[in-house]
Amino acid sequence: MTTVSVSDRPAHDLKADALVLGTVAGERSAALAAGHGLPREAESHLVAQLAALHATGKAEEVVTVAAVPGVAAGRVVLTGLGSAADGTAFGDEVLRRAAGAAVRSLKNAAKVVVALPAEGVAGVAAVAEGAALGAYRYAGVRGPKKDPKGAKAGGDAVSTVTVVTSDAKVKAVKAAATRAAVLADAKAYARDLVNTPPNLLFPQSFADSVKARSSAGKAKVTVKVLDEKALEKGGFGGIVGVGQGSVRPPRIVTLTWAPAKASHSVALVGKGITFDSGGLCIKPPASMLSMKSDMAGAAAVAATVFAAAELGLPVAVTGYLCLAENMPSGSAQRPGDVVTMRNGTTVEVIDTDAEGRMVLGDGICLAGESAPDAIVDIATLTGAQMVALGARVAGIMANDDAFRDRVRAAADTAGEAAWPMPLPEDLRPQLESSVADLSHKGERWGGMLTAGLFLGEFVTEGTPWAHVDIAGPSFNEGSPWGYTPKGATGFGVGTLLSLVEGYAG
Ligand code: BES
Ligand code: MN
Ligand code: ZN
């Protein structure tokens with residue numbers, strides 16, 4: 001876990017491997033962002049370096065200068081902030097990304113000081129979050145002989161972040177640093193789960209990981225696991241059907257954070273397909289390669305419950321992880337099968353690759369049985385989400401416009417891009433079946449919306465519910481950017497945590 005603290009000492013006096021400063025787009029080349037407080041000698045050195053390097057100060061630009069006179073840190077990393085409209089402060093997400101890009105660029109640096117022009121508690125929080133998130137490295141699966149210092153267990157990752165701010169003694173600022181560390185650690189956990197290869201992460205090993213994290217943590221998170229027998233007995237026909245083609249049986253894991261003084265309760269349901277081959281409706285190889293990430297929703301839910309507990313939020317949070325492996329085999333589900341879901345609804349399976357909604361339907365039923373104040377499900381549900389919104393923006397659907405807006409506002413606060421999507425009643429007839437209560441799939445067009453409409457069928461009447469489709473933003477197949485690494489992004493943890501915090505106030 002990366003430690004995050006705040007300091008009001010001059011940035012150049014702090015001993016560290018690297019000092020991160022901001023640059024802005026100047027007239028000729030990049031200029032140093034305000035508020036660095038450097039001695040004249042250090043400032044002129046850096047200004048000359050920026051000009052000589054033709055730095056622009058644009059977002060995502062990171063320039064490193066070593067051995068700057070008058071600076072205690074061995075390196076100064078200059079990260080682009082772009083240009084803020086005259087007199088306005090830099091936005092939280094600009095700061096978050098700039099801090100992230102800088103820390104992400106570091107090699108062989110353990111201790112980092114960050115001095116960016118952040119204003120207010122939210123600004124400092126954003127810098128701290130970006131820096132801590134940028135410190136993430138996936139250790140991978142390495143043999144004992146390979147590069148023991150570097151690659152192993154993220155060996156060279158930044159371990160300490162100090163954010164320089166004149167408000168370092170303000171209580172809310174110190175709390176923001178703590179929260180940033182908890183959030184980054186939670187996102188790192190979600191990222192690690194998603195990055196873990198699918199031969200190593202399967203329903204039971206996912207459950208084991210959650211149990212281990214619960215035992216290791218100080219905060220009390222209760223973990224319960226429903227195994228395949230319990231699922232069959234409990235009438236969870238959706239997840240049993242999806243899981244029956246795999247030799248590694250399905251699980252529903254519930255994680256509960258139940259503080260004594262909670263005035264509200266939130267249920268979070270995550271799609272946890274540890275590998276989505278498509279089942280008998282098998283995917284082509286290129287589409288299958290990234291399908292270890294099809295449990296990113298469940299990973300975000302698990303990470304959020306732990307984070308809520310670590311922060312001691314006075315809100316009851318229960319996570320439901322719907323874990324299954326979608327595989328083709330002699331025992332696999334067939335197109336045409338009819339299964340009975342947890343709430344008694346029968347569903348005709350049309351396409352075994354539309355498995356996420358089957359496991360989530362059961363999970364949403366289970367969540368509703370505890371009558372929470374609200375339910376949010378989060379899932380890598382449809383390719384249609386990516387067609388509609390691309391790889392960086394999640395789709396939010398809901399049975400209640402005010403609740404949908406509330407989830408979107410939480411996403412905004414967290415710097416996670418998301419956009420409202422409708423659940424058109426006009427598409428509902430597509431889910432009619434001639435042999436069962438429901439068909440689980442509509443037409444191709446609007447596939448994100450019919451998937452959402454299907455899920456809505458399992459929500460208890462009167463409970464506010466939102467569905468977040470993260471097929472695109474959960475996994476970065478391109479190059480890293482800002483605080484987002486290649487591979488798993490941890491998308492959703494910020495949104496869910498901010499949403500839960502909103503119930504605490
Ligand atoms: N896990 C996929 C959706 C997905 C696609 C996530 C790409 C991330 C990247 C989901 O289970 C799926 O296969 N959906 C199908 C549904 C269809 C068969 C109705 C899809 O979107 O093609
Ligand atoms: Mn699928
Ligand atoms: Zn899937």
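**The annotated domain and its packing**

Modeller: An unreviewed UniProt entry places the feature "domain: Cytosol aminopeptidase" at residues 189–496; such annotations may be inferred rather than shown by experiment. This is a predicted model, in which local features need pLDDT of at least 70 and side-chain atom pairs count only at pLDDT 80 or more, while totals for chains, interfaces and linings use all residues. Residues are numbered from 1 along each chain as its sequence is written, and side-chain values use heavy atoms, with hydrogens and water left out.

Over residues 189–496 the chain is 33% helix and 21% strand (DSSP runs: H or I of at least four residues, and E of at least two, numbered from the N terminus). The end C-alpha atoms of this stretch are 15 Å apart.

The largest nonpolar core has 58 residues. Such a core is a set of buried Ala, Val, Leu, Ile, Met, Phe, Trp, Tyr and Cys residues joined through side-chain atoms within 4.5 Å, where buried means under 20% relative accessible area with a 1.4 Å probe, protein chains only. Helix 9 (residues 296–310) gives the most to this core, with 12 residues. Phe206, Val210, Leu255 and Leu321 have the most contacts inside the core. Leaving aside neighbours within four places in sequence, Val210 is in contact (heavy atoms within 4.5 Å) with Tyr189, Val223, Val253, Leu255, Ala302, Phe306 and Leu321. A second, separate core of 41 residues includes Ala267, Val269, Ile364 and Met448.

Turning to helix packing, Phe403, Arg406, Val407, Ala410, Ala411, Thr413 and Ala414 in helix 12 meet Gly494, Thr495, Ser498, Leu499 and Gly502 in helix 14.

Note on methods. Chains lettered and ligands numbered in written order. Buried < 20%, exposed > 50% of the residue type's maximum accessible area, 1.4 Å probe, protein only.
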